[in-house]
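Keep the viewer open as you read.

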Amino acid sequence: MSTGAATGTDPGATVEAEASARRGPTALRRFAARYRRQAPGEPRAVGYLYILPAMAVFGVFLLWPLGQTAWLSLLHWDGLTRATWAGADNYRHLLTDPELRAPFAHAAVLLLFYAVLPVAIGLLLTAALTRFRIRGMTFFRTVLFLPQVLAMVVVGVAWRAVLAPDGLLNDTLRTLGMGGLTRSWLGDHTWALPAVGSIGTWVETGLCLVLFLSGAQRIPRELYEAARIDGAGPVREFFTVTLPGLRAEIAVALTLTLVAALRNFDLIYITTSGGPGNATSVPAYEVYRRAFETGEVGSASAMGITLTAVIFALTMVVTRLVEGRRR
Amino acid sequence: MKAHRHHKRGRSCIVLGALLLAAACVPGTDGSGAAGSQGAAATAVPDPGKAGKVTLTVWDQQTRGGANAQVERLNKEFEKKYPNVTVKRVARSFNDLKKTLKLALSGDNPPDVVQANQGYSDMVAFARAGMLTPLDSYAGLYEWNTRFPQTLLNLNRVSADGKRFGTGRLYGISQEGEYIGVYYNKKVLRKAGVEPPKTWQDLTGALPKLKKAGQLPVQFGNLDKYPAIHTFGVLQGQAAGSAEPVRETVFGRGKGFDTDATREAARTLADWAKKGYFPKGANGKGYDDAAKQFADGKGAFLITGTWQLADLRKPMGDDLGFMPPPPAAGQQPVTTGGEGLPWSITSKSDHPEVAAAYLDFLTDAHASKVMTEEGVLPVVPGEAARELDPDTAGGQMFAGWQKLNAADGLVPYLDYTTPTFYDTLSADLQGVLSGDLDPDGLAERMQKEYAKFRAQQRAENEDAK
């Protein structure tokens, strides 16, 4: 009785099947139970079927290459001849070789220019803009956001011309009578990294500002009014109303700019190729150079994996601390 | 309970991933796949006409003006000569080719003919992995050994064990010659009352005079890092007095870089930067920008390769002069130079004989004529080159090439020395120019890099025994 029931199609048979499912401890019973006994709205196994296509794409194009990179990072490989086992050698070199550590130090400096400065400037401008009405705000917003729309290569080429020894920046300085400040910005061992960094600030500030402005619009007016009635000045108002109100936007802005700072490749490639000397080499550029130019695939992979880990850790920290998410 | 089940599933995913990873075998080849290592030892000059229907896939990087035109012309003529052969050309810029060639060669269906750069990171690596066919038997049949100067053929050689560069089996032949020379602007020199230099002393003596006359003596931009290697190579050649010592070192047989010539060259380079013979902040100026400004009349001299000639000749016309670096009085000219990227046959090619005939066609006397007509400097300039007006920059370039070859004055590019020499040297020279690295420091660092690689090679040889 209990076996033939499942094939039945008439309502009576179904009821019988249900009844039998409650009774006999068969595989079929458990299978049926999964679909019939759950409370409405409880997750069902069929959900996995829905995400399968996305998971497949994710797996093939992201997880699989990531795993492969991790595997390559454990080998010495020139990209052509048979690879040899390296174990943790490549990672050990990352820690001990100053030439491999330097790019990470440079990336840390760039974090300041790419993430900290744009967020700070964005907040400052937002605080000012929310207090005063400005004519043509949409226009300014568009202009400030423009660097985000431009391809990084275009940005790099344009800034390379601006920062050249006889470029726009030095010309302007000379016209203003500050010829003593002129220098070969991208060719100076001390100034090349800050110069590249300020390009990053230029690019990312617009993004931060637009994010914060839209966030500020959602802060209820009443909060500002209440603060003013309590006698708060512009500074107090910023710290008690605007800043907490923008918490979520700051987290998003920080995440985006952090990632942009750490995976910075195109700008370095176009402007300095890591020079002068190795003053502006960054991890992402080093990965490319080692993998495609000097044939050190293992070392490049180890660097890539480490970079991935650093980005992952930093974004986790941002979500926990700034966004205040516990899980 | 539910959460627990999900955890379990997550773990099984990780286990599955780990299994898949472990299944992925060690990448790369051990070189044993090198098909018939001697290119099936051809014994007679192949006749592509009898090869049946053949499609020859060719990857080259001759994308610039004249270089592109001559390949197009020669391809068409080759197809006309052998109607059964179709040449399928894939042209990419030097950088693009360099980056994609490795993947293409390690695939199952590589092109038949490729242009693979000389040096350890390209040609030596490919030869070692057994991806290129040695051309020695064809070199005998087609008499390439007598067609090209030995010093130039050596640049395309890799030792049989695939470890050393500049000796052993022939893996490619090159079409065009190139060398670093001195471009000068006749108008700027005239304005400063300076004659085009005939000796090295003339050149160095002209620099302060030009500076005093308010002209920029030497146009130079080193933001792209490599141009300083060329300038340094010229200075080093001058200081050494002959090509031999540095060339031997580049091939790994010499005394190394800890020499007086290295120090003197570094001193001169730093000195020129300090005295303002180079533009201020040259480390921050692009190579193309510098060339453009030179063409616009900013700068009396520009030290760079023959490849710039066509681009400079167009805007400057008769004001442009060109010569190999003028030698010290009573000496022979020396400079950095060599030949264009060699054309090689891949070991998986189905038609190595047709490919060999194609290589021969690209480099014979007729090809030299076509190249000359398109403004490209052939390795072996023929009749057409001799007919050029010796007073034009083009004529000077050909005459200089003949002179350099006759005097055995070519030093290979310094970056062939080790796989990472380009990176370390170009970075260090930026330091020399900015004054952050003194000449002793440079000599020491170059020597260290050289010695490290030699030691590594020796260790590998020990392992092999």
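**A walk through the two chains**

Start with A:Ser273, which sits in the loop between α13 and α14 of chain A. Keep in mind that this is a predicted model. A:Ser273 isn't a glycine, yet its phi is positive, at about 50°.

The peptide bond joining A:Gly275 and A:Pro276 is cis, with omega at about -5°.

Now zoom out to the whole of chain A. Its secondary structure comes to 15 helices and two strands. Of its 327 residues, 34% are buried. If you take the contacts in chain A with a separation of 6 or more, 69% are between residues 24 or more positions apart.

What lies over the buried face?

Over to chain B, which has 20 helices and twelve strands. The radius of gyration of chain B is 25 Å, close to the 23 Å that the globule rule gives for 465 residues, so chain B is as compact as a globular protein of that length. Its C-alpha trace spans about 85 × 70 × 50 Å along the principal axes. Buried residues account for 51% of the 465 residues in chain B. Among the contacts of chain B with a separation of 6 or more, 77% come from residues 24 or more positions apart.

Chain B is split into domain 1 (48-175 + 341-386) and domain 2 (178-339 + 403-459). The C-alpha centres of these two domains of chain B lie 29 Å apart. Where they meet, domain 1 of chain B contributes 19 residues and domain 2 of chain B contributes 16 residues. On the domain 1 side, the elements giving two or more residues are α2 (65-81), α4 and α7 (150-154) of chain B. By class, that side has seven nonpolar, ten polar and two charged residues.

What about the interior? The largest nonpolar core has 126 residues, and B:Phe126, B:Tyr183, B:Leu269 and B:Tyr358 touch the most other members. This core draws at least three residues from each of domain 1 and domain 2 of chain B. Leaving aside residues up to four places away in sequence, B:Leu269 touches B:Thr231, B:Phe232, B:Leu235, B:Val432 and B:Leu433. There is also a second, separate core of 60 residues, which includes A:Leu123, A:Leu186, A:Tyr285 and A:Met303.

How do the chains meet? 37 residues of chain B are in contact with 32 residues of chain A. On the chain B side, α1 (2-23), α3 (94-106), α4 (120-128) and α19 (421-434) of chain B each give two or more residues. The largest share, five residues, comes from α19(B). Sorted by class, the side of chain B that touches chain A has twelve nonpolar, 14 polar and eleven charged residues.

Finish with two loops of chain B. B:Pro197 lies between α8 (186-191) and α9 (200-212) of chain B, and counts as buried because it has 20 C-beta neighbours inside 10 Å. Not counting residues up to four places away in sequence, B:Pro197 touches B:Asp202, B:Leu203, B:Ala206 and B:Pro326. The C-alpha atoms of B:Pro197 and B:Met323 are 9.5 Å apart, although 126 residues separate them along the chain. B:Glu143, in the loop between α5 (136-141) and α6 (144-147) of chain B, has a positive phi of about 60° without being a glycine. B:Glu143 counts as exposed, with 11 C-beta neighbours inside 10 Å.

Notes
Residues are numbered from 1 along each chain as its sequence is written. Chains are lettered from A and ligands numbered from 1 in the order in which they are written. This is a predicted model: local features need pLDDT of at least 70, side-chain atom pairs count only at pLDDT 80 or more; totals for chains, interfaces and linings use all residues. A nonpolar core is a set of buried Ala, Val, Leu, Ile, Met, Phe, Trp, Tyr and Cys residues joined through C-beta atoms within 7 Å. A residue is buried if 20 or more other C-beta atoms lie within 10 Å of its own, exposed if 12 or fewer, and partly exposed in between; C-beta atoms are placed from the backbone. Domain bounds come from an automatic or database domain assignment. Two residues are in contact if their C-beta atoms, placed from the backbone, lie within 7 Å. Helices (H or I, at least four residues) and strands (E, at least two) are DSSP runs, numbered from the N terminus. The radius of gyration is taken over C-alpha atoms; the globule rule is 2.2 Å times the number of residues to the power 0.38. Ala, Val, Leu, Ile, Met, Phe, Trp, Tyr, Cys and Pro count as nonpolar, Asp, Glu, Lys and Arg as charged, and the others, Gly among them, as polar.
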